[in-house]
Amino acid sequence: MLKSMTGYGKATFESESISVTAEVKSLNSKFLDIYCRIPRNYSEREIEIRNLITQALERGKVEFNLTVTPVGQGGSGTIVNRALVKAYYRDLHQTAEDLGFAPVPTDVLRMALMMPNTYLTDATTEDQQVADLALIQKTVHEALKKCTEFRMQEGVALNKAFKDGIQRITDILIEIEELDKFRIPGVRERLRKNVRDLLGDESFDQNRFEQELVYYIEKFDISEEKVRLKNHLTYFIETLQSKESNGKKLNFISQEIGREVNTIGSKANDSAIQHLVVQMKDELEKIKEQTANII
């Protein structure tokens with residue numbers, strides 16, 4: 001099943017001591033690019049969290065946010081770092097006065113409490129620390145699970161879009177095949193008429209004319225290109241339905257489709273067919289854009 005690189009997941013769990021929220025956003029990227037925002041008190045867990053993200057999401061530009069907030073009595077051992085809060089308060093208060101306005105004390109205190117390291121959790125028991133870390137892991141796993149589900153839903157929509165696009169190219173190819181039945185006889189008659197008009201009679205060498213005509217028509221024959229294009233279109237659908245389907249492989253196949261479409265347009269020497277080729281290119285461009293969003 002296809003999986004998009006676009007995804008979103010958010011999870012929140014709460015215990016008697018802390019409330020944990022994990023949020024994951026992902027967009028398309030050639031590689032896995034992870035940006036983590038984690039509270040400083042849990043910075044030593046960043047590598048562990050990055051490994052979880054790598055295993056779950058594989059590719060994409062990922063933004064991860066983890067928020068841990070004390071609840072209730074602030075946890076069994078969580079206390080306010082009063083000395084640091086006072087220092088923050090004085091500095092923020094003085095900054096406001098230096099800027100020429102009177103600060104509201106409660107607003108300054110609220111800002112001070114939101115600054116880094118304003119809570120001390122060193123006093124927590126070992127059992128409490130283990131429980132808190134388990135809750136954090138549970139929250140991260142749930143957010144990643146929701147992000148993966150989001151990606152799979154997007155993949156279903158992309159799968160349908162791919163099939164619709166390939167079907168439209170197939171339908172256009174059928175139209176080209178119908179036009180191609182009359183193209184070569186038309187070219188033959190047009191050349192014969194031009195030669196006859198040029199010479200003013202039928203006295204030209206018919207055998208030589210037929211030889212030149214065969215050579216000329218071979219240059220504009222698109223039979224092989226039509227066969228190869230059909231095979232590429234079929235292979236694209238087969239790849240969509242296989243377990244090995246991925247964005248890079250689908251992009252490679254779409255490039256091969258593009259080569260055959262371009263060759264048909266250049267060799268056809270027919271305005272009606274070239275118009276249909278333009279429609280094919282338009283559909284193929286949409287497909288290529290979407291393959292860049294597949295894992």
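These entries record what I looked up on helix packing and nonpolar cores in a predicted model.

Entry 1, conventions. I number residues from 1 along each chain as its sequence is written, and side-chain values use heavy atoms, without hydrogens and water. Local features need pLDDT of at least 70 and side-chain atom pairs pLDDT 80 or more, while totals for chains, interfaces and linings use all residues.

I took helices as DSSP runs (H or I, at least four residues), numbered from the N terminus. The axes of H7 (residues 247-268) and H8 (residues 271-291) come within 10 Å and cross at roughly 165°; axes are lines fitted to C-alpha atoms over the stretch in contact, with angles from 0 to 180 degrees between N-to-C directions. H7 is therefore roughly antiparallel to H8 (over 145 degrees). I listed the contact residues (heavy atoms within 4.5 Å): among them are Leu250, Ile257 and Val261 of H7 and Val277, Met280 and Leu284 of H8.

I looked up nonpolar cores, sets of buried Ala, Val, Leu, Ile, Met, Phe, Trp, Tyr and Cys joined through side-chain atoms within 4.5 Å; buried means under 20% relative accessible area with a 1.4 Å probe, protein chains only. The largest has 26 residues, and those with the most contacts inside it include Leu229, Ile257 and Met280. H4 (126-199), H6 (223-241), H7 and H8 each give two or more residues to this core, and H4 supplies the largest share, 7 residues.

Beyond neighbours within four places in sequence, I found Leu229 in contact with Leu173, Ile257, Glu260, Val261, Ile264 and Met280.

A separate core of 23 residues includes Val20, Tyr42, Val62 and Leu135.

Note on methods. Parallel < 35°, antiparallel > 145°, perpendicular 65-115°, else oblique. Buried < 20%, exposed > 50% of the residue type's maximum accessible area, 1.4 Å probe, protein only.
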